[in-house]
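Have a look at the model first, and then we can go through them together.

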Amino acid sequence: MTVNKVNMDAKRKLSTSQFMAEPITSLKQLAEKENDMRTKMELMIMKIQADFCRALENEENFGQKFKIDRWQRKEGGGGITCVLQDGDVFEKAGVNISVVTGTLPPGAVAQMRSRGKNLGEGHLPFFAAGVSAVIHPRNPYVPTIHFNYRYFEVENNDGQKQWWFGGGTDLTPYYLDENDAEHFHKTLKEACDEHDTDHYPKFKKWCDDYFRINHRNESRGIGGIFFDDVDTPTQNDAFKFVTGCAHAVIPSYMPLGNY
């Protein structure tokens, strides 16, 4: 079987034709390891990127499109940067994914241990994948949104892997609209409640605290949700929760304001 035939079969199997660019990991490897969390996360973030980019492009009145830069990292992996600039609706929008591998230096390992990670000494191999976005509309009555969702995996000295998820979504209005704020938080709460009704109040407070500007006695925006080090109850359950939060971005944001 030719390489092209293998890639075409893998592309159909994994539904990658919808993405903004080819995945960072080879199609053959993704197809062979489709149940591996690395594969699941890479495919999920690429779908989130594509869905959100197309939702934003659909709001542009004169066909402005995202410019796509697929880049490689010499240490391992790479990413896809998508930027829409000088549109009539969005002044600038960036929706990016990265899928990288490498070796953590001892200082980074020590910092992770300080957060409760049971890691050994020295240099440790890692894998990280995530999607992030910042959107700046032209209309001041449409808020700015930021989100990121990520997965991190470290291989310990004994070969055992430690993993966790992190991320969040937050909103910064220029002019507060109570209906927009209610809709935004309601959508995030519904996404959280599907997995654990304790998630939304816990992660909303974490976001509120994270974006609190203490020396000004004010908050940046109206918050949202924020979390890190999510590694329970199981890996698949944690992945489903993060996936649900990521898929909530479009319904939480696109109805807001007057484009």
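Arg 115 has a relative accessible area of 32%, so this residue counts as partly exposed (buried means under 20% relative accessible area, exposed over 50%, partly exposed in between, with a 1.4 Å probe and protein chains only). This is a predicted model, in which local features need pLDDT of at least 70 and side-chain atom pairs count only at pLDDT 80 or more, while totals for chains, interfaces and linings use all residues. Residues are numbered from 1 along each chain as its sequence is written, and side-chain values use heavy atoms, with hydrogens and water left out.

The structure holds 15 salt bridges (a side-chain nitrogen of Lys or Arg within 4 Å of a carboxyl oxygen of Asp or Glu). Here are some of them:

| Salt bridge | N to O distance |
|---|---|
| Arg 115 and Asp 229 | 2.5 Å |
| Asp 228 and Arg 150 | 3.7 Å |
| Asp 51 and Lys 47 | 3.0 Å |

Arg 115 pairs with Asp 229, and this pair links distant parts of the chain: Arg 115 sits in the loop between α4 (106–114) and β4 (124–137), and Asp 229 in strand β9 (residues 223–230), 114 residues apart. Helices (H or I, at least four residues) and strands (E, at least two) are DSSP runs, numbered from the N terminus. Asp 229 is partly exposed at 25%.

Asp 228 meets Arg 150 in a salt bridge, linking strand β9 to strand β5 (residues 144–155) across 78 residues. Salt bridges with shared partners join Arg 115, Lys 117, Arg 150, Asp 228 and Asp 229 into one network.

Asp 51 and Lys 47 both belong to helix α3 (residues 37–57), four residues apart, about one turn of the helix.
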